Amino acid sequence: MLIANRSRIANSIYVLPAVLFVVFFFIVPLCMCVYMSLFNWTMFQGHRFLGLRNYFSLLTDAQLRKSLEFTLLYTVFITPVIFVAAFVLALMVNRRGMLLIGLYRTMYFLPVVIGLGTSSLIWIWLLDDRVGAMNAILISLKMIRDPVIWLGHTGLSLVSVAVSVLWKTVGFSMILILGGLQSISGELYESAKMDGCSSFTSLRRITIPLMRRTFAITLLLSVIGSLLAFDQFYIMTGGRPANSTITVVYWIYLNSFQKFHLGYGSAMSLVYLVALLGFCILQFRTFKYQED
Amino acid sequence: MRKRKAALRESGMHLIFLLIALAFVFPFLWSAVNSLKPAAEASASPPTFLPSVVSFQNFAKMGSYGAGLGVYFFNSLVAASMTMIMSVFLSVTAGYGFARFRFPFKNAMFLVIILTMVLPFQTIITPLFFFMNWLGLTNSLFGLALVYTVLQVAFGTLIMRNTFSSIPLEIEEAARIDGCNSAALMLKVMMPLATPGMITVGIIAFINSWNEFLASLIFMSKESLFTLPVMLSNIRTGPYGSIDWGELQAGLIVATIPCMVLFLVLQRRYISGLTSGSVKG
């Protein structure tokens, strides 16, 4: 519904502050990113034109390749874990009328409101080999004899970080899926029940097909979040052992803000941005194709 | 017999729900308990669960860490509050404009705003830093709030556009006939109706910027301007390699409590905002 039917430039006055703001602090830096990527741009000693040489350097950057592989491995590992856990939790808390169900839901969601940085710090402590609860509990249950150094080995670090991120973010996916579940009409289930369908059959034949859109969005958000992982690795592993847990965003950060190769960092950012955008478009295409 | 079976099943369900809830809450709980132990006990190996005496030693130590906990708390509060105010202002005006008016390049302008939601800001942080540095806005809480605001505007605009679209046009027309001009209409008629949407945008902006880590790490190099997440991560990578766990926990508690309280009080608004922000984007 519109107030003024005539399209006039003066009508744009309300949106201009936000538009200008975004142009200034987002679009301008984005364009600068392209420009800077063509230079050997240092923080303090000016810059020198390089043409596309930064981009060629990316191809031979061994750490970038390692980081890319590690980021993908992390994403492939954590995405199904979060998704399945969130789906199960959503199905569980989707009971109306059960006593205290709202309280349980709130508790499962609680870690979402604290920062990833804060949650990473809590988990460092829980996983610590000297003072941590994880080892203490496992030892008292006689599951291990000596404390495990959870963050000392690449594989174990990956799993440990994944557990902490699962704890922190599963509530968010849960809420998204719950929203989808609650938008399915109850009549569908009732008629399925009358036709003698088991609850497993109606899950497979009704819930999952109708939830496709919600699943796509939940997965997309989770995958993008993992591909952009930084806080958890910066805080929990610091890239150790032997730079094996440096993600792509972490590597961009190190290049730009530790080594001060801002031009190179920009080139890397831009390539990663294009790759992520390509992934999103691809995901939307497949999803649309399935819907038609 | 049947009734008893149902009751048994019900309690079994509760037990499972409760155990899972414990897994989510336990880390907070133990962290809080640990922060109340005397410093030596908080770093004891193997760990103890309950404190032998309740002590505020860790909080006192935390209070004088670096520039002092109060300073970092203040920095976080200022950055998050400024972000909240600017985000709400920009989202309300833009949401109103997009919901109610026609003007040239409307779709293009909308796309520009939505773009910030699609493109991850982590990837433009290098030039953004350079740009802000050039403007003299690094090492400035206001500069940090500007960056945070950019990250909130897109979904804030979406939420406010939906909010305004759902207000019947008749209300506005009636006000117009009664002689309200555009600005008075906005302030006196629309704003009260749009309050729920504004609360949603505000609380999400506040919590997100309170928790943000990467931008704060990069844009603030002066210790006296660090926000809580960065300061806490510095304790972790402390100068001597050993970590004072009790102190860290005291900091964590202080950093999480404002968000938790805000969330528990305004739970429904927060969740509806999160889901609509992501689903409709």
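Which helices are included in what covers the buried residues of α5(B)?

Mentor: The model is a predicted one, and the description below should be read accordingly. The cover over the buried residues of α5(B) includes α4 (69-100) and α7 (141-165) of chain B, together with α1 (16-36) of chain A. The buried residues in α5(B) are B:M109, B:I113 and B:T116. Helix α5 itself comprises residues 106-118 of chain B, 13 residues in all. From its first C-alpha to its last it reaches 19 Å, close to the 18 Å expected at 1.5 Å a residue.

In it, 70 residues of chain B are in contact with 73 residues of chain A. The side of chain B that touches chain A has 49 nonpolar residues, 17 polar and 4 charged.

Within chain A, helix α3 (residues 62-93) has the highest confidence, at a mean of 96, and helix α13 (residues 262-291) the lowest, at 85.

Helix α13 of chain A contains A:G263. A:G263 counts as buried because it has 27 C-beta neighbours inside 10 Å. Leaving aside neighbours within four places in sequence, the contacts of A:G263 include A:M36, A:F39, A:W41 and A:H47. By contrast, A:Y104 lies 49 Å from A:G263, C-alpha to C-alpha, at a separation of 159 residues in sequence.

Notes. Residues are numbered from 1 along each chain as its sequence is written. Chains are lettered from A and ligands numbered from 1 in the order in which they are written. This is a predicted model: local features need pLDDT of at least 70, side-chain atom pairs count only at pLDDT 80 or more; totals for chains, interfaces and linings use all residues. Helices (H or I, at least four residues) and strands (E, at least two) are DSSP runs, numbered from the N terminus. The expected span of a helix is 1.5 Å times one less than its number of residues. A residue is buried if 20 or more other C-beta atoms lie within 10 Å of its own, exposed if 12 or fewer, and partly exposed in between; C-beta atoms are placed from the backbone. Two residues are in contact if their C-beta atoms, placed from the backbone, lie within 7 Å. pLDDT is the predictor's confidence in each residue, from 0 to 100. Ala, Val, Leu, Ile, Met, Phe, Trp, Tyr, Cys and Pro count as nonpolar, Asp, Glu, Lys and Arg as charged, and the others, Gly among them, as polar.
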